[in-house]
Amino acid sequence: MDSTLLYQIALPLLPEVGVVTAKRLIASFGSAEGVFRASKSDLLHETQANEMAITKMMAGKDAALHRAEEEMAFVEKHQIQTYYFEDENYPDPLRPLSDAPILLYGKGNIRLNHGHFVSVVGTRMPSDRGKQICHELVTELARLVPDLTIISGLAYGIDVTAHKAAIEAGIPTFIVPAHGLDRIYPVANRNVAIQSLAEGGILTEYMSGTEPEKANFVARNRIVAGLSEATIIIESKIRGGSLITARLAQDYGRDVFAFPGRPSDQLSEGCNWLIRNNTAGLVTCAQDIIDAMGWQTRKEEAVQTTMTSLLVDLSPDEEQVIQALRTNEDGLHINEIVSATQLSFQDVSSILFMLEMKGLIRALPGSIYRLS
């Protein structure tokens, strides 16, 4: 039995010991095992906690170690990977965060310190438009950005749509659940979770036997936000859980983006609020995010080949607009597009919006549009 891992698992189980306290104790006594071997007087001196709290901590040692032994057996039986916050394999983005977990449990083909990590979250009951935006966004990011990993929580709606799109695009996706690795919640998304193991995986701070309780969903959001360079919100009500993830990401110094919606649309109230209050940058396509993050994209030849194949799915009117925009790399005013295509202003306006959603064009100040 690995005694080092045993104590690492057991430490957060001690009464009165949260993540911040555990890290302070490790700093004082050198290791998780050192904390367990410390005397009551040493603990009182180093922690400056009240005597009652230290008494509870001391009394809970045996139970914590017993439960840790059970978890070690589960970890070994199911070949679970563990990531201790002082080890090299721990995710670098989480290291500086005071509330990051002491220990993470993972399953799958997990590479935690490689490439760009983007979290995509949103409502559990999205509109068809929201699901389409999510799928197209992940697909386009996967096409343009090398070494991309999509992170989300496997919930119904936007979360699982993002995971599915990543799997279809052949890029890694990490699931961060609010429970241990002995179950999948919701059960309906089990196949998606299994498929994620091939290129990505499941990562959690929770031990086996942990139920997906409400408080756990809030807590796991800090991992989703902390792992990611950028967090993208697609459809969220004004009190949606995605806004918690957005706030955490902002607190951690990460970039936050949101897709806007109509003022009357309840599913966009949260996104519009984030944009209005400068918590999130307004985005309409993958290229907006790439530009904002300053990421390099794949070689232009490969991008152009894929772009050409995408045009096959355009309507005749959409192709007309694309052909018009190809005549000027600096872009055209909407009135020039109307003149070139002989379509009505209303039709052109609608087509331009749809092409923006597909990431094929960009809107510039002054009603100017150009190819992405």
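Thr279 sits in the loop between α12 (269–276) and β9 (281–282). Leaving out residues up to four places away in sequence, Thr279 touches Ala246, Gln250, Val256 and Leu274, where contact means heavy atoms within 4.5 Å.

Some housekeeping, friends. This is a predicted model, in which local features need pLDDT of at least 70 and side-chain atom pairs count only at pLDDT 80 or more, while totals for chains, interfaces and linings use all residues. Residues are numbered from 1 along each chain as its sequence is written, and side-chain values use heavy atoms, with hydrogens and water left out. As for the element names, helices (H or I, at least four residues) and strands (E, at least two) are DSSP runs numbered from the N terminus.

Now to the nine-stranded sheet. This open sheet has the order β1-β2-β6-β5-β4-β3-β7-β8-β9, and its pairing is mixed; two strands pair if DSSP finds at least two bridges between them. Which strands stand at the edges? They are β1 (81–84) and β9, each with a single partner strand, so one side of each has no neighbour in the sheet. Further in, β2 (residues 103–108) and β6 (residues 201–204) run antiparallel and are joined by four bridges. Gly106 has Leu203 as its bridge partner in β6.

Helix α8 packs on this sheet, touching β3 (116–122), β4 (148–152), β5 (173–175) and β7 (230–234), and its direction makes about 140° with that of β3. Axes here are lines fitted to C-alpha atoms, for helices over the stretch in contact, and angles run from 0 to 180 degrees between N-to-C directions.

α8 (residues 158–169) packs with α9 (residues 190–199) at an angle of about 40°, the axes being 10 Å apart. The two are therefore oblique to each other; in this scheme, under 35 degrees is roughly parallel, over 145 roughly antiparallel, 65 to 115 roughly perpendicular, and the rest oblique. α8 passes α9 in a left-handed crossing, a term used if the near helix is turned anticlockwise from the far one by less than a right angle, with right-handed used if clockwise. On the α8 side the contact is made by Val160, His163, Lys164 and Ile167, and on the α9 side by Val192, Gln195 and Ser196. These residues divide into three nonpolar, three polar and one charged (Ala, Val, Leu, Ile, Met, Phe, Trp, Tyr, Cys and Pro count as nonpolar, Asp, Glu, Lys and Arg as charged, and the others, Gly among them, as polar).

The second pair is α2 (residues 19–29) with α4 (residues 40–47), packed at about 110° with axes 11 Å apart. α2 and α4 are therefore roughly perpendicular, and their crossing is right-handed. Leu25, Ser28 and Phe29 of α2 meet Asp42, Leu43, Glu46 and Thr47 of α4. By type, that contact has three nonpolar, two polar and two charged residues.

On to the three-stranded sheet. Here the order is β10-β12-β11, open and antiparallel. β10 (332–333) and β11 (361–364) are the edge strands, each with a single partner, so one side of each is left without a neighbour in the sheet. Four bridges join β11 to β12 (residues 368–371), and two bridges join β10 to β12. Among the facing residues, Ala363 has Tyr369 as its bridge partner, Arg362 stands opposite Arg370, and His333 stands opposite Ile368. Helix α15 (residues 316–325) lies across β10, β11 and β12, at about 90° to β12.

Finally, some backbone spots to look at on screen. In the hairpin of β11 and β12, with three residues between the strands, Gly366 takes a positive phi near 85°. Ser367, in the loop between β11 and β12, has a positive phi of about 60° although it is not a glycine. Ser367 is partly exposed, at 36% relative accessibility. Glu16, likewise not a glycine, has a positive phi of about 70°, and it lies in the loop between α1 (3–10) and α2. And where is the cis peptide bond? It joins Tyr185 and Pro186, with omega about -5°. Pro186 is in the loop between β5 and α9.

Definitions and conventions: Buried < 20%, exposed > 50% of the residue type's maximum accessible area, 1.4 Å probe, protein only.
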